[in-house]
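Open the model in a viewer and keep the selection tool at hand. The stops below follow one another.

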Amino acid sequence: MIFKLKTSKETMEILKDLQAKTNLTPNVLSRLAISCSLLDNTPVDEFESDNNGLEFNRHTLTGDYDLVFKVLISQHCNRHLTDEEYFPTYIKKHLDRGAKILKAEYQYTGNYEKFLIHLTKLNDEVIL
């Protein structure tokens, strides 16, 4: 069983940039990124990225909500995921795709306060 993953280089840069602008830690930003990706109804199966970024261990990334993330990601795929498929494969795909969405959302809002308010309303909107 694998307990670590490495983000893409682009995701690492996005997380560091957003951390500097928001003071949110990379693990919190990663959870937001995964959530943004889950709001996108397009399949994540074909999403590809490198492994040249930040390293996360499973507990740091998902904490006490690991099972919740696994269920949500399985639901997004419309099938049961084995533990090996879920982590690191699918959670990395959602993290790397979601980081790009998160970056776009920050750029759209322009500041931390508007960013947080906007994120709370994303559930009511359809991404893409």
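Helices (H or I, at least four residues) and strands (E, at least two) are DSSP runs, numbered from the N terminus. This is a predicted model, in which local features need pLDDT of at least 70 and side-chain atom pairs count only at pLDDT 80 or more, while totals for chains, interfaces and linings use all residues. Residues are numbered from 1 along each chain as its sequence is written, and side-chain values use heavy atoms, with hydrogens and water left out.

Select α1, residues 9-22. This helix has 14 residues and spans 20 Å from first C-alpha to last, close to the 20 Å expected at 1.5 Å a residue (1.5 Å times one less than the number of residues). Asn 23 follows α1 and has a positive phi, near 65°.

Now colour the buried residues of α1: Thr 11, Met 12, Ile 14, Leu 15, Leu 18 and Thr 22. Buried means under 20% relative accessible area, with a 1.4 Å probe and protein chains only. These residues cover an arc of only 165° around the axis, so they lie on the same side of α1; the arc is that of the directions from the helix axis to the C-beta atoms. They pack against α2 (26-39), β2 (55-57), α5 (83-109) and α6 (112-121).

Next, select Ile 91. Leaving aside neighbours within four places in sequence, Ile 91 is in contact (heavy atoms within 4.5 Å) with Leu 5, Ile 34, Leu 61, Thr 62, Ile 73 and Tyr 86.

Last, go to Tyr 106 and Phe 115. Tyr 106 is buried because its relative accessibility is 9%, and Phe 115 is buried at 0%.

Definitions and conventions:
Buried means under 20% relative accessible area, exposed over 50%, partly exposed in between (1.4 Å probe, protein chains only).
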